[in-house]
Amino acid sequence: MSNVTFKFDGVDYVGQAGDSLAAALLKNGVLHFTDSTYRDRPRGIMGLWIDEPNALVNIDSGAGEPMVQATTVEVVEGLVARSLSGIGDLPDTRDLSRYDRAYRYADVLVVGAGLSGLAAAKKYADLGKIVIIMDDKPEVGGHANQCGEIIPAELMSVLTRENVTHLQRTTVIGTYDQGYAVAVERRTDHVSSKVSTDVARIRTWHVRAEHTVLATGAFQRPLVFANNDRPGIMLSHAAATYVERGVTKFKTAVVVTIDNQGYIDAIRLHKSGIRVLAIVDVRKKLSKASNKSARKPAEKLGIRIIKGATALDTNGTLDGILSSVVVSDPKSGLRETIATDLLAISGGWTPTVHLATYIGIKPTWSKKRAAFIVNSKVKSISTVGMLAGDFEEYEPAVFFGPELDDTQALVAYVDHQRDATLRDLRRAVGAGMISIEHVKRYTAIGTAHDQGKTSGTLTMGLIGNLVGLAPDEIGSLTFRPPYIAVPFAALAGRERGLHTEPIRTTSIHPWHVAAGAPMEDVGQWKRPWFFPKPGEDMHAAVLRECRAARNGVAVMDASTLGKIDIQGKDAGAFLDQVYTNMFSTLKVGMSRYGLMCGVDGMVFDDGVTTRLGENHWLMTTTTGGAAKVMDWLEEWLQTEWPHLEVFCTSVTEQIATVAIVGPKSRELLALLSPGLDVSKEGFAFMENKYADVAGIPARIARISFSGELAYEVNVSAWYGLELWNKVMELGASLDVTPYGTESLHVLRAEKGFVIVGQETDGTQTPDDLGMDWIVSKKKDFIGKRSFSRADTSRPDRHQLVGLLPDTSEFVIPEGSYFAEIQHKGATPPIPHIGYVTSSYFSGELNQSFAMALVQNGRARVGERVAIGNETAVITEPIFVDKENVRRDG
Amino acid sequence: MLHIPCPYCGPRDETEFHYGAGANIFYPEPTTATDEEWSKFVFIRENPKGWHAERWVHSAGCRRWFNVWRNTITHEFGPTYKPFTEQPKRPV
Amino acid sequence: MVKVNSAIATSPLGGAVHGGVDKGIYIEEVPYTPGIDLRVDPSSLAFAAVNQALGLTLNPQVGSVVRKNADCIVSHDQQPDANGISALCLGPDWWLLTGTADIQSLLKPVQSAHHISVVDVSAQRTKLEIYGPKVKEILAHVWEQDLRDANFPIDTCTQGLMAKSPVILWHCCENCYLIFVRSSFATHLWEVLSDSTVEYL
């Protein structure tokens, strides 16, 4: 056992490695740990583990952690901690610790490595099952180990078997359906006080097991009497364990008990050299078995037994530390004050039922055990040990504390962390509350950091006493994961920062990065937003890029668009159903823009689809809609029209696409593909040709999203970067200008082209968008039937229009609502008539412009509207090249 | 998280699937459906407490649509059945 | 078969390597791996035609792998057999075909006579090889599916999300897995996988 130095509340201490901070402080004589949250009551350590309600600390060393129980912190060299009065601080520096996650499958998960858990693990390991056994404490062996017993070798050896995975310091924080459980393993805090960046500080285990054995044991509960919260008052099992392991602060002890456990712990204290002044047992007569196993051995050691009595009150020093206990016999009324250092309480065992309740197994009240126990009727869950009630022989009395008057009840603590007393319980019941769920919320009992480990059953018993019901008639204990507080970082694991979500990039991305283009997030993709020259801001870059697109030649990486390969003789008929316009009549080698609606008639995606062959099509979708559209196509083919001979295959990443845009695009294409007929007559709008472009086999489509003459060059993604490099190289003489998503948006908006997801939110029909021209009158298609619904054909629906602000530099913020002109400058609330979907500054117009959805929009063209103190005029949703002549170059 | 029993791939995590609402919803012939029939198809779905026959698609896996009985209270799964096959009896 | 023009081709990871064969875990991008997405209904006449053209019998059990002339390569000095085909069943009518054979040419005559779909997806995904005695433990940091051999033996494949990235995972031989990841996700997955090896190297 090596010594370590640590700091607590600014004071240096020496402790033994392996001790909890609580044990180390007790060994150093620290009794008064902190003051309570709401009432400033002096408090000390009461328990051994996560049942501890008082000794909360803030860890300031290492990664720092707010609000941890000192009973769960292992002292290490350099540990720095400070006591808390119930509330901690979040560290103001980032936690740079490493956290990770691991998935495991097993035949059996055993939760708890006490004697019964080990026995269960052995049983299944002997059968050859794959077993995972997890225990939350630093040491194997549960209570037996805490009592200093040696765990039998045949059980210990189970832990190292090949078919057994043993994880210590691992808390199962949640149990869920289908044998799924989540646990957190603490891996470095007991080794070092420094931040751990190379070894995961906490590993979150996600386990699936055919069968789960819950061996989660039990916590002791205290009793409720006046001034039951002083430093020096502890749970008896905890007190005996601390003393056995070297705490020498106490010379004398009184044990107050309701079961045989008190006797066991009294004898442990006695054997460690403490003068046990009395065991105060509320039970007068014991069974023959209990007399033999508990009372007689204590009497033999000369320990005084006070029968039929209990603790009523305590007295303290000026500092509030325990000095004596007032023992009372409720029958005779006799009282006796006994001076003592330590008051050890055995209020009964409360099985740890949480994990069972998470999956809906209700604990049952056992009067014989004065406790809620769990006997699982669920086949895949079994309970063993104290959880299942394996402590009958302790013969507890159903007793939670003596009768108290009002003054006494005011200082009789039920939930130490909440400073909630018997008086609060009486008030709740007096206000008409009986159910534990109501009382819990009214008094806050059970809602603090310790989640009512010591107060739950007490509360139910005390309410029962007040209203004359048995504890199980008060309601049932329901708990929710997590079982203990867990850092968010532990749940996130490695999914932090840049790896929270995948970052998707095209094959041309390295060029964009090297060019210093800021990126825009488009779903999971990073797309270049604009390509600033030195000294340019976004505004200047976009003006330059758009000018190049409309007057010279500009190029863009369009590889992110969704692409679906469609083959089969019925593909054309299928596309006729999926799109609002006709596709089966499209000639081989031609492309067509299509609009897709849901069954509700609302637009949900669009794109250009090309007929590559008689029975071969290539559909494009929006970048963000690719997966959704693929699911949609498959849904109709598999669940409605399986007779259609159509197969769909995703090829989004198979193909890289470079768009070459502008009046000089034809020239650039000619340089890239000499021998290709790029004349107006030889390469029609929406036509496709196959040719080598920069020596790379390509399919070139004459498609335009900007309204300018434009070509989209499609190549295998293996050659995307090479294509782009060659485009830049050969385009240098034409001052080829790369452009990003901002310019892309401006150019298409100047032409009034909608972007699904920008102008639409799932509530716009094609007609709303002014796209009646794309709705076929000749055929039925998915969603058409909904156009004739009353609401879909309402005359006052929001319709797509343009807006030109009167202040030409005023770029209306996207999403702005606007009102009729008479409301200019008015104070809200004012009735709005529409909202802005897209808004930019146009170099072509030398003024700002926007697209908007307005009630009765088409009838309002020419009207002025008010946006706060600004005004704008409603126009048709097209601003540049209204006759569409530029696309032919 | 919840494992859903894909009839082709076996039980898989719910994050691999997309939900398709109630099963056995009759798709009316659009050209002859009344407004009521059509609205019922587009908007109305059952929301039972207990066993619910519903559709799932294994998007991150085999991409197949299938139907399955699921208990909305206990999250148990009952039998799966492929499109255009007879629905198994509601589990007890 | 589309042969890569390596003079001008780029792969998502540039053939990156992580770890080492002697270091307990080894991950490598094997770029330009040929891939054909095949769709054919196993209950149709087209199925027999496809099998005949490929010279093997496709198994329509999802997760199965059928090989012809395509043994696992054990060392880097070994060259793959010519005309090899591995068929990974991704769906009841869907296979990923990969290998050294000119699969597209073999299937062309079947395409013109039958309703099947043959699509070159060689660039759609890139292939990572991950190998080493701790490979299952390392993968289990990012892969939710059950990797125990009883559930996922050699020569089975599965699809799913690895670090939120769509992949096909093929248990190709002892302590060795092949990951076909969608190209745009490759950098992210590579970084996450490399990071998972931190405590094992």
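## Polar contacts between chain A and chain C

Between chain A and chain C there are 28 residue pairs in polar contact, counting pairs with both residues at pLDDT 80 or more. The model is a predicted one. On the side of chain A that touches chain C, the elements that give two or more residues are β8 (99-111), β13 (202-214), β32 (562-567), β36 (647-650) and α19 (720-731). The largest share of that side comes from β8(A), with eight residues. Sorted by class, the side of chain A that touches chain C holds 19 nonpolar, 11 polar and 18 charged residues.

Charged pairs also occur across this interface: chain A and chain C have nine salt bridges between them. In one of the salt bridges, C:Lys164 pairs with A:Glu495 through their side chains, at 3.7 Å from N to O.

## Extent of the contact between chain A and chain C

The contact draws 48 residues from chain A and 50 residues from chain C. About 4,000 Å² is buried between chain A and chain C, and 50% of this lies on carbon and sulfur atoms. Within chain A, the residues that lose the most area to chain C are A:Tyr105, A:Phe647 and A:Trp718, which together make up 23% of what that side buries.

## The contact between chain A and chain B

Chain A also meets chain B, with 22 residues of chain A in contact with 27 residues of chain B. The area buried between chain A and chain B is about 2,200 Å², of which 52% is on carbon and sulfur atoms. On the chain A side, A:Asp631, A:Gln638 and A:Arg785 lose the most area to chain B, and together they account for 29% of what that side buries.

Three salt bridges cross the interface of chain A and chain B. A salt bridge links B:Asp13 and A:Arg208, whose closest N and O atoms are 3.7 Å apart. Polar contacts across the interface of chain A and chain B come to 12 residue pairs, both residues being at pLDDT 80 or more. Helix α17 of chain A (residues 626-639) gives the most to the side of chain A that touches chain B, namely seven residues. By class, this side of chain A divides into seven nonpolar, five polar and 10 charged residues.

## Chain B

Chain B contains one helix and six strands. Along the sequence, these elements of chain B follow the pattern β-β-β-α-β-β-β. The C-alpha trace of chain B spans about 40 × 30 × 25 Å along its principal axes.

## A five-stranded sheet in chain A

One open sheet in chain A is formed by five strands in the order β2-β1-β7-β5-β6, with mixed pairing. The edge positions are taken by β2 (11-16) and β6 (65-69) of chain A; each has a single partner strand, so one side of each is left without a neighbour in the sheet. From one strand to the next, the twist averages 35°.

Strands of a sheet pair through backbone hydrogen bonds, and the pairing can be parallel or antiparallel. In chain A, strand β1 (residues 3-8) and strand β7 (residues 80-83) run parallel and are joined by two bridges. A:Lys7 stands opposite A:Val80 in β7(A).

The edge strand β6 of chain A contains A:Met67. A:Met67 has a phi near 60°, which is a positive value in a residue other than glycine.

## A salt bridge between two loops of chain A

Over all chains, the structure holds 73 salt bridges. One of the salt bridges joins the side chains of A:Glu139 and A:Arg245, at 3.5 Å from N to O. A:Glu139 lies in the loop between β9 (131-134) and α3 (142-146) of chain A, and A:Arg245 lies in the loop between α5 (236-244) and β16 (252-257) of chain A, so the pair ties together parts that are 106 residues apart in sequence.

## Cis peptide bonds in chain A

A:Pro481 and A:Pro482 are joined by a cis peptide bond, with omega about 0°. A:Pro482 is in the loop between α12 (456-467) and α13 (488-492) of chain A.

Another cis peptide bond runs from A:Pro828 to A:Pro829, where omega is near 5°. A:Pro829 is placed in the loop between β43 (817-820) and β44 (834-842) of chain A.

Definitions and conventions:
Residues numbered from 1 in each chain as written. Chains lettered and ligands numbered in written order. Predicted model: local features only at pLDDT ≥ 70, side-chain atom pairs only at ≥ 80, totals over all residues. Heavy atoms only, no water. Contact = heavy atoms within 4.5 Å. Buried area = accessible area lost by both parts, 1.4 Å probe. Salt bridge = Lys/Arg side-chain N within 4 Å of Asp/Glu carboxyl O. Polar contact = N/O pair within 3.5 Å; in protein donor to acceptor, adjacent residues only side chain to side chain. Helix = DSSP H or I, 4+ residues; strand = E, 2+ residues; numbered from the N terminus. Nonpolar A, V, L, I, M, F, W, Y, C, P; charged D, E, K, R; others polar. Pairing = 2+ DSSP bridges. Axes fitted to C-alpha atoms, helices over the stretch in contact; angles between N-to-C directions.
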